[in-house]
Amino acid sequence: MDIAVLLASLGISILELSEAGAVAVIFNGIYKNGKPYIYGLAGVLTVLIPVFTLGRYIVLLPLEYVLIVAGVILFYFGYKLIRSARRYFKGIKIVHKEEGEETLTTVYVVGFTEALEAGLVILALIPQSYISALTGTLLASILVVALLFVLKAQIMKIRVPQLKYVLSALLFSLGTLFFGEAFFDIDELYLGLFFVIYLGLNYVVIKM
């Protein structure tokens, strides 16, 4: 079991699936039935089932190429997360386009989109440890479902900027480790050092 991969999978899955769950909760209040949950779940499974069935064969590719591509993906999503966190801490408001007619298709699309963002990160983690990536995602799914049914509307009030800040540092650290393994064959023991460094760098970015 690779703890770093498990935590990264757990973190990104909680982050993305909780957002999809919050949308399902909103539409549940509109339709007054469980259909939004079904459509949201369908959207998530449309992504995650292929990720964990076909994605495992990614290990058949040359390891160096996989590590480089995975590193790029992790850096990209790490950047997206810290940029989002910075907007929150800086009080920068984002203008969202108003939705048109509210339909159940919207819930499916949101579930698909959020799961796709998580799935791309998970695909980058699978070559390091398939079982750790799968375990992290399953744990996150159980936790999000529990929050949905126990807290319901309260889940929409969960603030995630701090989670994005820490998770971004973890994704940057893993990306750096992957590049190091691909080009310099460095040891995984450096991951902790990278994590501390990126926590500091992210803090500087947020304060800029």
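Which residues make a nonpolar surface patch of about 420 Å²? The patch is made by Met1, Ile3, Leu7 and Ile131, where patches consist of residues with over 30% relative accessible area and no salt bridge, nonpolar side chains (Val, Leu, Ile, Met, Phe, Trp, Tyr) being joined within 5 Å and like charges within 9 Å. A salt bridge here is a side-chain nitrogen of Lys or Arg within 4 Å of a carboxyl oxygen of Asp or Glu, and accessible areas come from the Shrake-Rupley method with a 1.4 Å probe, only the protein chains shown counting as cover for residues.

This is a predicted model, in which local features need pLDDT of at least 70 and side-chain atom pairs count only at pLDDT 80 or more, while totals for chains, interfaces and linings use all residues. Residues are numbered from 1 along each chain as its sequence is written, and side-chain values use heavy atoms, with hydrogens and water left out.

Ile131 sits in helix α5 (residues 130-151), and Ile131 is partly exposed at a relative accessible area of 47%, a class that lies between buried (under 20%) and exposed (over 50%). The protein chain has seven helices and zero strands, taken as DSSP runs (H or I, at least four residues; E, at least two) numbered from the N terminus.

Two of the spans that the unreviewed UniProt entry lists as "transmembrane region" are 163-183 and 189-206; such annotations may be inferred rather than shown by experiment, and feature names are shortened, with positions in the numbering used here.

| Span | Distance between end C-alpha atoms | Helix | Strand |
|---|---|---|---|
| residues 163-183 | 30 Å | 100% helix | 0% strand |
| residues 189-206 | 27 Å | 89% helix | 0% strand |

Terms used. Buried means under 20% relative accessible area, exposed over 50%, partly exposed in between (1.4 Å probe, protein chains only).
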